[in-house]
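Student: I'm new to this one. Could you walk me through it, question by question?
Tutor: Happy to! Let's look at it together.

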Amino acid sequence: MRPSSSSRDSARRAEGTRPQQGLGSLSSPAQITAYIKREKQKTVESLRHSQPGLAILAFCSSMQHLHCTAGPQMNYINLSAVIAALAHVWTAVQLHRKLQDDDSKMRSSIEAVCQQSLTQLQPMMQDMDVRGVINIVWSSAKLGQDPDEYVPGIMDTLTTMFLQLINAANMKRRPNAQDAANLVWALATMHHPAATSELLDCVCSHFGGLVQHPDAQQRPQAQNIANVLWALAELQHSPKDGRLLDDFCTYMHSLLQSRDARARPNAQEVENVIRALAVLKYSLKDGSLLDDFCMYMHSLLHSRDARARPNVQEVANTLWALAVLQHPLKDGRLLDDFCKYINSLLQSQDARAHPNAQETANALWALGRMKHAPPSEVAFAMLDHLVALCQAPGLQPKPQATSNCFLACAELSLDICQAQVAVLFKHMLEPHVTKVEYQVYSNTAWSLAVMGCLDISMFDALLHQFTMKHKLLGEHGTHSTSAQPGVEGAQQLHQALEWLKFPEGSGQMEAWSSLRSRLQAVAPAPQCLQYHFSRQTELYDALASLRLHYQPMVPCGMYQADAVLSPHGSSGPQVILMLQRSKYFVRNVRSRLLGSVAFRLKMLGRYGTVVTVPDKQGRSSVESMAGAIKAAVEDKTGLPLDSFHQ
């Protein structure tokens, strides 16, 4: 029998009523709700003194007994309260349980209670309000249970009801900000198919209206904004109305300076916002908001309250997001401080504060992508930490993480000792490591070549893994375009192998030629990629004004020279001209070339004398460019410029 509206209202008003003694005295829904609350509280308090597994088994037993004894009197409020209480108890148990606790018994009891409650709830669903819907969906996510496994289709029914309630004529029946945030958070946590694009767009639109609600009490809290954006990122769903992301972030920004400290976001909430923008690849119309979010995160690094400081995951994710968004911070010193903060956590006596392998790799990769070098001692400490994790069962870095670290060290021209390389390289090629992408091997080979650490045996091992991956995919018929090694990957491997090339007649030449044949069989060498930018035209005009004999955009092995000068009437080496650009340097160490650029110069040097033409900031004339060329060529070659005249 479904409860009448009057009985539901009385149940809500009397939720705090103390139940009578014994289950037999629970004659009303209000008394049943009070009993559930009391049992939940008693169980949570007992966790300090009893075994967590036994505590939750006892709670589940009491709820099952409640169903058997007072089942006919229970309404949807009681049934959703049972599942919500179970979720709260389970969450509390996670804080106290030990790894050796028997999970199967606890799970079996939880499933039994969910089965009973949801089955009994099904015929009452049309009477449910927003809170009832949210209790079921949110609690199921907390419990790691899919309600559809007990009552097929119930999740679609619940989400449809939620959509109807969003548009309810009675404003009081509509979901508030926390309701909306909890729903999408729960769906994202479960990765449930009920999270359709239509549902998410509707919830986001409703949430967008609450952000601008005239009544401040109805507006979302920081946690609500963070949860919605986290859920959208987890489900990889960008709202149909893109302006909503700007509205959400603008509102979150307004909370940063709230006079009420309780209204300000914490570190995790700010990180959720920044990370969501990166996952959704959305650039805010007002980029200064991102700078301010990072400034706010920075302000929390040294908070007097240690609990307010960001943990290492939040800092690493922030760096990762900035790199993905390619957002240059107005104050680059923030990155240095983030690096030093990570280093301080590495030195902590509390191992729980240390970054894991993925967090360490994410931070290094991000710095490499942003072309920002961490202090040498920080980089060394992070790599040492990864080396130590290679020896820790269950904590070892994945090949992708190791490859990303090598890539960052190469691009930023960081010092890395051969001993660190040896340990990391050996671990990433362990036989038990599976599910490795092509790019991991090509990135690693190229990075080690750039750092000068690659040798024939290492390339042989990488090429073997690369070939096995290629063969395995071929046997399974999965050589799709996306599964094939891309042009970039093939180019990296050939560039690395070219760096290893020995002089003709060398004892190693035969081994090198064998490697080249094997590589060519699985990843043919792509053509030299040509590029063009505006200053090249200025370069050619300057060379013409000097009446020099030159060739433009000449392929030299795997790289392109901006121009090549050949001396006339002599056997001297040709001159490889390369324009120097500001983006060729590490951003915070302007005297240090990026590893990729230094490697390119080294490889071009095999074809002649490399002369870099300095970058003149701002608009320069052909005449000034010509003067720079003359000075650079004569200084580098020791020959007068006349030697290269037409």
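Tutor: Keep in mind that this is a predicted model.

Student: Which residue in β5 does Phe585 stand opposite?
Tutor: Strand β4 spans residues 585-586, so look across to its antiparallel partner, β5, which is a strand by its DSSP run. There, the residue opposite Phe585 is Leu593.

Student: How many disulfides does the structure hold?
Tutor: A disulfide is a covalent bond between the sulfur atoms of two cysteines. Take Cys294: the nearest cysteine sulfur, that of Cys249, is 12 Å away. For Cys390, the closest cysteine sulfur is in Cys405 at 9.8 Å, too far for a bond. The count of disulfides in the structure is zero.

Student: Is Cys390 buried or exposed?
Tutor: Buried means under 20% relative accessible area. Cys390 has a relative accessibility of 8%, so this residue counts as buried.

Student: Which side chain makes a polar contact with the side chain of Gln420?
Tutor: Gln420 sits in helix α19, residues 418-428. With a relative accessible area of 3%, Gln420 is buried. Its side chain makes a polar contact, at 3.1 Å, with the side chain of Asp384.

Student: How much space lies in the largest pocket?
Tutor: The lining of this pocket has 28 residues, and those nearest its centre are Glu411, Trp446, Glu488, Ser596 and Val597. Elements that each supply at least two lining residues include α16, α18 and β2. By class, the lining divides into 12 nonpolar, nine polar and seven charged residues. The space in the largest pocket is about 1,000 Å³.

Student: And how much space lies in the second largest pocket?
Tutor: Helices α8, α10 and α11 each supply at least two residues of its lining. That lining has seven nonpolar, nine polar and five charged residues. The space in the second largest pocket is about 460 Å³.

Student: How many charged residues are in the lining of the largest cavity?
Tutor: The structure holds one cavity of 30 Å³ or more, and about 50 Å³ of space lies in the largest cavity. Among the residues lining it are Glu498, Cys556, Met603 and Arg606. Five lining residues are nonpolar and one is polar, while the number of charged residues is two.

Notes:
Residues are numbered from 1 along each chain as its sequence is written. This is a predicted model: local features need pLDDT of at least 70, side-chain atom pairs count only at pLDDT 80 or more; totals for chains, interfaces and linings use all residues. Side-chain values use heavy atoms; hydrogens and water are left out. On a 1 Å grid over the protein atoms alone, a cavity is a set of points where a 1.4 Å probe fits but cannot get out, and a pocket is an open set with protein on both sides within 12 Å along at least five of seven lines; lining residues have an atom within 4 Å of a point. Grid points are joined across faces, edges and corners, and a volume is the space filled by probe spheres set on the points. Ala, Val, Leu, Ile, Met, Phe, Trp, Tyr, Cys and Pro count as nonpolar, Asp, Glu, Lys and Arg as charged, and the others, Gly among them, as polar. Two strands pair if DSSP finds at least two bridges between them. Helices (H or I, at least four residues) and strands (E, at least two) are DSSP runs, numbered from the N terminus. A disulfide is a pair of cysteine sulfur atoms within 2.5 Å. Buried means under 20% relative accessible area, exposed over 50%, partly exposed in between (1.4 Å probe, protein chains only). A polar contact is a pair of N or O atoms within 3.5 Å; within protein, one must be able to donate a hydrogen and the other to accept it, and residues adjacent in sequence count only if both atoms are side-chain atoms.
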